Amino acid sequence: MRPLLGEDNNPALWPSERAPRIANKQLNRRLAAYRDALGMDPALDFHSLRRAYVTHLIEDGYDARFVQEQVGHDHASTTSIYTCVSSDYRTRTLRRALDATIDEALGPGKGA
């Protein structure tokens, strides 16, 4: 498809036939139309998909460093801003940490 757009060396993810790339404004406008038609939260924008991607990777157990590299962040603190994990995920993570701590404190064979 890219050769048809005349942009063989263009690194853009979404080139178009009228420009070297589709602007974020255009993507947000199209997503807003779909969002509004479906009655979804008006705060949902195209960047929300990036935040959701990061969150799903973390909740699915991918290594935090891998996730950081996937989204091109230099610092883990930036990636953490994108992560909006569910309360179920937080509960499961806390439960695992507590269980491990109790098992270690009680010694081998005496855990819950």
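Which residues does Q68 touch, not counting residues up to four places away in sequence?

## Surroundings of Q68

In this predicted model, Q68 touches H73, D74, H75, A76 and T79 when residues up to four places away in sequence are not counted. Q68 belongs to helix α4, which spans residues 64-70.

The relative accessible area of Q68 is 5%. Q68 is classed as buried because this value falls under the 20% cut-off.

## Overall architecture

The protein contains 6 helices and 0 strands. Read from the N terminus, the order of its elements is α-α-α-α-α-α.

## Burial and surface

Of the 112 residues in the protein, 20% are buried. The accessible surface of the protein amounts to about 8,700 Å². Carbon and sulfur atoms contribute 56% of that surface.

## Aromatic pairing

A pair of aromatic rings is described by the distance of the centres and the angle of the planes. The count for the protein is 1 aromatic pair. This pair is formed by Y62 and F66, with 5.5 Å centre to centre and 25 degrees between the planes. The pair counts as stacked because its planes are under 30 degrees apart.

Both partners have a computed accessibility class. Y62 is partly exposed, at 43% relative accessibility. F66 has a relative accessibility of 35% and is likewise partly exposed.

Notes: Residues are numbered from 1 along each chain as its sequence is written. This is a predicted model: local features need pLDDT of at least 70, side-chain atom pairs count only at pLDDT 80 or more; totals for chains, interfaces and linings use all residues. Side-chain values use heavy atoms; hydrogens and water are left out. Helices (H or I, at least four residues) and strands (E, at least two) are DSSP runs, numbered from the N terminus. Buried means under 20% relative accessible area, exposed over 50%, partly exposed in between (1.4 Å probe, protein chains only). Accessible areas come from the Shrake-Rupley method with a 1.4 Å probe; for residues, only the protein chains shown count as cover. Rings of Phe, Tyr and Trp (its six-membered ring) pair if their centres lie within 6.5 Å; planes under 30 degrees apart count as stacked, over 60 as edge-to-face and the rest as tilted. Contact means heavy atoms within 4.5 Å.
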